[in-house]
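Here are my notes on this one, jotted down in the order I'd talk them through. Have the viewer open while you read.

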Amino acid sequence: MKKRRYFAGAAAILFLLLLCGFAPQSITEDKDAQVLLYETYGENEILVYTGHTTVLYRPDGRSAEAPFNGQYAVLHGDTVTVFAETEEFLAVERFSAETLEETDLFALPVTSGLRFAESDSAGRLYAVTYGAPSTLQVFDAAGEPLTEFIFEDKIFGIQTVDSTLYVLLSESAVQISLAGNVPTLSGTAFTYAPAARPYKLLGSDVYVNMQGEVRLFSGEEWAEDTIVTEAVLSGDMLYWLSDTSEVSRVRRGDKAEFFTLSGEAAALTANAAIIWQNGALCRESFGTFVQPTPTPSPIPTPTPEPTATPKPSKTPKPTATPKPSTTPKPTAT
């Protein structure tokens with residue numbers, strides 16, 4: 001009897017642990033919160049969101065608050081960089097990805113509104129402003145001007161992947177090598193139609209375009225019939241959102257699987273999603289992904305062949321009326 005009670009208690013504890021492990025983890029009830037960054041760091045994740053202030057958060061319980069309200073946040077190496085534009089200056093705040101402690105804070109000499117901002121693993125900073133939409137300004141790790149790149153075309157985005165900075169123009173992605181002490185222009189990575197311009201690079205040869213298609217730099221589709229609103233590539237597995245409450249994943253050539261979230265998704269990694277649930281920003285771990293079960297089309301009932309209408313019977317000819325018999329004449333007396 002005691003053994004049964006022991007096992008029943010252990011089973012209940014295990015159930016609660018599993019329930020807590022998969023139940024959404026509340027982060028904030030700030031209705032103005034917006035996700036600036038949500039990425040995997042080692043065995044953990046780092047979330048940076050802004051609302052009334054900018055907060056760095058890790059699911060292991062660590063968190064930190066930035067002194068300024070940020071507009072951009074990037075993670076490279078073991079450093080999180082937050083760009084916060086104020087009325088007087090552009091602040092650069094650096095935090096340790098391991099401890100979330102602030103490691104640096106200074107003003108960047110940028111005088112007009114910030115359009116795009118990036119960093120790299122060496123700590124260099126990159127900015128495109130509204131005042132110069134075709135000029136990429138480069139600063140060293142201390143925030144001092146280092147060099148700049150001027151393009152004939154308008155810059156629609158910048159993103160660092162490994163040791164390359166990609167500058168997204170209207171019809172091509174230009175590479176800037178970050179291998180040396182000073183970044184150098186290294187040519188065109190790939191071209192595209194203006195309507196299919198990339199908005200996010202997923203790796204060194206994969207991107208998502210403005211039409212929601214996941215493509216290789218060669219132009220080939222990574223996964224057919226896949227339209228995404230948000231995506232992340234982890235190894236050879238693609239995770240994406242095509243619906244606000246459903247996460248899909250697929251390996252090239254395989255069938256897609258999906259997992260239904262408990263709320264509306266705001267950001268995504270290969271481990272979990274940040275969702276809105278009951279007015280709060282929460283983290284939800286992924287459970288079991290399943291393949292959709294196709295609903296079989298009903299077999300149509302065959303239409304019975306119409307019964308042939310019988311031919312009408314011929315109307316019989318009327319029987320002839322017999323002629324009346326002649327009354328014999330009376331015999332003479």
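1. Let's start with a charged pair. Lys200 and Glu230 make a salt bridge, with their closest N and O atoms 2.7 Å apart. Lys200 belongs to strand β18 (residues 198–201) and Glu230 to strand β21, so this pair ties together parts that are 30 residues apart in sequence. Lys200 is partly exposed at 24% relative accessibility, and Glu230 is partly exposed too, at 23%. Bear in mind that all of this comes from a predicted model.

2. Other charged pairs. The structure has 10 salt bridges. One of them joins Asp60 to Arg62, with 3.5 Å between the closest N and O atoms. Asp60 counts as partly exposed at 39% relative accessibility, and Arg62 is partly exposed at 37%. Through shared partners, salt bridges link Arg58, Asp60 and Arg62 into one network.

3. As background, oppositely charged side chains can pair when their charged atoms come close.

4. The overall picture. Of its 333 residues, 41% are buried. Taking contacts between residues at least 6 apart in sequence, 35% join residues at least 24 apart.

5. Strand β8 deserves a look. Seven of the seven residues in β8 (residues 90–96) are buried, so the strand is largely enclosed by the rest of the structure. In a regular strand, side chains alternate between the two faces of the sheet. Here both faces are covered: Leu90, Val92, Arg94 and Ser96 are buried on one side, and Ala91, Glu93 and Phe95 are buried on the other. Note that the buried set includes Arg94 and Glu93.

6. What does β8 pair with? On one hand there is β7 (residues 79–85), antiparallel to β8 over seven bridges, with Glu85 standing opposite Leu90. These two strands form a hairpin with four residues between them. On the other hand, β9 (residues 102–108) runs antiparallel to β8 and is joined to it by six bridges; there Val92 has Phe106 as its bridge partner. The hairpin of β8 and β9 has five residues between the strands, and Leu100 in that hairpin takes a positive phi near 65°.

7. Now the rings. The count of aromatic pairs comes to 11. Phe190 and Phe217 are stacked, at 4.1 Å centre to centre with 25° between the planes. Phe190 sits in strand β17 (residues 184–191) and Phe217 in the loop between β20 (214–216) and β21 (230–234), so the pair ties together parts that are 27 residues apart in sequence. Phe190 is buried at 4% relative accessible area, as is Phe217 at 15%.

8. A second ring pair is Phe259 with Phe289, this one tilted: 5.8 Å between centres and 45° between planes. Phe259 is in strand β24 (residues 257–260) and Phe289 in the segment after β27 (280–285), so the pair ties together parts that are 30 residues apart in sequence. Phe259 is buried, with 13% relative accessible area, and Phe289 counts as buried at 7%.

9. Tyr166, Phe190, Tyr192, Tyr207 and Phe217 form one aromatic cluster. Elsewhere, the charged end of Arg197 sits over the ring of Phe156, 4.0 Å from its centre.

Conventions:
Residues are numbered from 1 along each chain as its sequence is written. This is a predicted model: local features need pLDDT of at least 70, side-chain atom pairs count only at pLDDT 80 or more; totals for chains, interfaces and linings use all residues. Side-chain values use heavy atoms; hydrogens and water are left out. Buried means under 20% relative accessible area, exposed over 50%, partly exposed in between (1.4 Å probe, protein chains only). Contact means heavy atoms within 4.5 Å. Two strands pair if DSSP finds at least two bridges between them. Rings of Phe, Tyr and Trp (its six-membered ring) pair if their centres lie within 6.5 Å; planes under 30 degrees apart count as stacked, over 60 as edge-to-face and the rest as tilted. A charge sits over a ring if NZ of Lys or CZ of Arg is within 6 Å of the ring centre and within 35 degrees of the ring normal. A salt bridge is a side-chain nitrogen of Lys or Arg within 4 Å of a carboxyl oxygen of Asp or Glu.
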